[in-house]
Amino acid sequence: MNTISQLIIGFIAFVHLYILWLEMFAWTTRAKKVFKTIPEDQFEKTKVLAANQGLYNGFLAAGLIWSLLIGEATWSKNVALFFLGCVLVAGIYGALTASKRIFFVQAVPAILGLLSLLF
């Protein structure tokens, strides 16, 4: 895997770890400043749902980090392709159902990562 791919994948993993932290541990504090379209009274009510979403973002980050740690090139690339594809699908779905901004936060970096691996 080339250095540009590794940097993009590392960045995407970091973003998903940050989302994990926001949704699992800072939903009723810091997340209010990040997710401004959600009414403030909804944060406490949706705390468990947000934590569940955060856990899934953690799985995405774990898979991307795993792809960086695999020594065999083909296996590393295939794992990265799978998890970048998952991030892309999540980004597209989030953009269609929740906020267009999600496309730029999740889907665009995933597209760049996929392109860097494929070309």
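This section describes helix packing, the nonpolar cores and a surface patch. The structure is a predicted model.

Helix H4 covers residues 47–69. The buried residues of H4 are Ala-50, Gly-54, Asn-57, Gly-58, Leu-60, Ala-61, Gly-63, Leu-64 and Ser-67. These buried residues pack against helix H1 (3–25), helix H5 (73–97) and H6.

The largest nonpolar core contains 16 residues. Within this core, Ile-9, Leu-64, Leu-84 and Val-87 have the most contacts. At least two core residues come from each of H1, H4, H5 and H6. H5 gives the most, with six residues. Leu-64 of H4 is one of the buried residues of that helix. Neighbours within four places in sequence aside, Leu-64 contacts Ile-9, Ile-12, Ala-13, Ala-80, Phe-83, Leu-84 and Val-87. Another core, of six residues, lies apart from the largest one. Its members include Leu-22, Ala-26, Phe-43 and Ala-50. In soluble globular proteins, nonpolar side chains tend to be buried together.

Ile-111, Leu-112, Leu-115, Leu-118 and Phe-119 make a nonpolar surface patch of about 520 Å². Leu-115 belongs to helix H6, residues 101–118. The relative accessible area of Leu-115 is 43%.

How values were computed:
Residues numbered from 1 in each chain as written. Predicted model: local features only at pLDDT ≥ 70, side-chain atom pairs only at ≥ 80, totals over all residues. Heavy atoms only, no water. Patch = residues over 30% accessible without salt bridge, like charges linked within 9 Å, V, L, I, M, F, W, Y side chains within 5 Å. Areas by Shrake-Rupley, 256 points an atom, 1.4 Å probe, with all protein chains shown as cover. Salt bridge = Lys/Arg side-chain N within 4 Å of Asp/Glu carboxyl O. Helix = DSSP H or I, 4+ residues; strand = E, 2+ residues; numbered from the N terminus. Buried < 20%, exposed > 50% of the residue type's maximum accessible area, 1.4 Å probe, protein only. Expected span 1.5 Å × (residues − 1). Contact = heavy atoms within 4.5 Å. Core = buried A, V, L, I, M, F, W, Y, C linked by side-chain atoms within 4.5 Å.
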